[in-house]
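Here's a quick tour of one chain. Have the sequence and the 3D view open as you read.

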Amino acid sequence: KGLIVGAIFVSLLVFYFGYRLNNLIGRPDLIVKNPETATLLTSASNIIINGTLDRTSKLTINNERVNADDSGFWEKKFSLQSGLNTIEIRAEKILGRESIIIKQVIYTPEEESPTSIKP
């Protein structure tokens, strides 16, 4: 009986570590929900980037750490510069495997309406 119990215990350990192995060495499950497209044209001076990530991964956006909540949701607000803005979203697992998503936002400010000149 002891041999059978030991074999079951070892089998469960192997199964558990096999299941957890993906959390250590697999690619992060990174999803960017906003913006949906790789390139976005906008006249708004700010943009909110958000998405989801598996809880065992570390997230950086343009080399700045961003924390996800308990459900894996994350969000970051950016002030845009006129022209092309490149945003690199990087998720990293414990042992270094990573997923990278690049978004490009082209910000074109609306022209201000000319003020009327009074004589």
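## Model and confidence

This is a predicted model, where local features need pLDDT of at least 70, side-chain atom pairs count only at pLDDT 80 or more, and totals for chains, interfaces and linings use all residues. Residues are numbered from 1 along each chain as its sequence is written, and side-chain values use heavy atoms, with hydrogens and water left out.

Mean pLDDT (the predictor's confidence in each residue, from 0 to 100) is 86 for the chain, with 87% of residues at 70 or more.

Leaving aside neighbours within four places in sequence, Leu30 is in contact with residues including Trp74, Ile89 and Ile101.

## Salt bridges

There are four salt bridges, each a side-chain nitrogen of Lys or Arg within 4 Å of a carboxyl oxygen of Asp or Glu. Lys93 and Asp54 pair up at 3.0 Å, N to O. Buried means under 20% relative accessible area, exposed over 50%, partly exposed in between (1.4 Å probe, protein chains only). Lys93 is buried at 5%, and Asp54 is buried at 15%.

Elsewhere, Glu88, Arg90 and Glu98 are linked in a salt-bridge network.

Definitions and conventions:
Contact = heavy atoms within 4.5 Å.
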